[in-house]
Amino acid sequence: MTGNGGAAKKSESFFLNERFMAVNCIFVLVTSLVSLYFCVREGETFELFELLTKLATAAAMYLAFRFFKWDVVKGLMGGVLFCLMYQEAYLVLAKLWGEQDFDAYLVAGVQGSLYLAAAGMAFLMTVIITVNHFFINYSSHGNPKNVILNRMAIIVKFAVYLLLFAANSQLGFPAAVLWKNALQYLTDIALLLLLVSVESQFDSFNVLRQELLKAKRERRKDR
């Protein structure tokens with residue numbers, strides 16, 4: 001019995017580990033607090049609101065997860081995704097396109113063009129992840145195709161964030177701006193990892209529920 005339990009623990013996905021979720025939440029806390037320093041210094045009210053929203057939501061989501069408030073967790077995670085989507089839409093549509101700030105990036109050369117392309121791709125991936133998140137978590141019978149598509153979108157988004165990191169570090173902007181951007185991407189990566197943890201946990205509970213229902217039906221047949 002002990003051996004089998006140990007084997008089960010070893011083979012269990014680390015996304016199902018509560019400590020992994022706690023580490024992610026602490027990481028969001030640290031990056032958000034450091035980012036707050038830059039936002040307060042620059043007087044960025046919108047970014048300050050974003051940071052406080054992410055910080056409060058990550059903490060509340062972890063507490064809801066600890067106390068098995070699944071509907072609360074779903075809603076909060078959906079709120080995080082909408083926050084990310086609005087943040088990226090603001091960058092791509094309002095700031096870069098609306099204010100024609102993309103000229104500054106194009107002048108920077110290849111790394112500026114890569115940053116623009118990655119910012120647009122990040123926004124597109126967040127839209128896909130957000131839509132799939134609600135299909136996965138709020139559909140009656142679940143949708144495995146949406147789970148797979150969501151995982152693919154998250155993997156692509158991680159690759160895009162690496163591109164954003166590389167391009168951001170090469171841009172000739174003030175150090176405070178570069179650090180603020182980098183911390184924002186790190187925070188968003190941690191939030192996406194939390195999303196994977198939550199959805200993985202939901203999947204495992206759904207599988208367990210189906211197995212229990214199957215066992216119950218078999219017991220009824222035996223009677």
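Asn 24 is buried, with a relative accessible area of 6%. The value comes from a predicted model. Asn 24 counts as buried because its relative accessible area of 6% falls under the 20% cut-off. This residue is found in helix H2. Leaving aside residues up to four places away in sequence, Asn 24 touches Ala 190, Leu 193 and Leu 194.

Helix H2 spans residues 18-42 and has 25 residues. From its first C-alpha to its last, H2 reaches 36 Å. That is close to the 36 Å expected at 1.5 Å a residue. Asn 24 is one of several buried positions in H2. Phe 20, Met 21, Cys 25 and Val 28 are also among them. Further along, Thr 31, Ser 32, Ser 35, Leu 36, Phe 38 and Cys 39 are buried too. An α-helix has 3.6 residues a turn, so residues three or four places apart point the same way. Gly 43 follows H2, and its phi is positive, near 70°.

The second largest pocket has a volume of about 360 Å³. It is lined by 17 residues. Closest to its centre are Glu 47, Leu 91, Lys 95, Lys 180 and Asn 181. By class, the lining of this pocket has eight nonpolar, three polar and six charged residues. Helices H3 (45-66), H4 (70-98) and H8 (175-222) each supply at least two residues of the lining. The largest share, five residues, comes from H8.

Note on methods: Residues numbered from 1 in each chain as written. Predicted model: local features only at pLDDT ≥ 70, side-chain atom pairs only at ≥ 80, totals over all residues. Heavy atoms only, no water. Helix = DSSP H or I, 4+ residues; strand = E, 2+ residues; numbered from the N terminus. Expected span 1.5 Å × (residues − 1). Buried < 20%, exposed > 50% of the residue type's maximum accessible area, 1.4 Å probe, protein only. Contact = heavy atoms within 4.5 Å. 1 Å grid on protein atoms, 1.4 Å probe; cavity = no way out; pocket = protein on both sides within 12 Å on 5 of 7 lines; lining within 4 Å. Points joined across faces, edges and corners; volume = space filled by probe spheres on them. Nonpolar A, V, L, I, M, F, W, Y, C, P; charged D, E, K, R; others polar.
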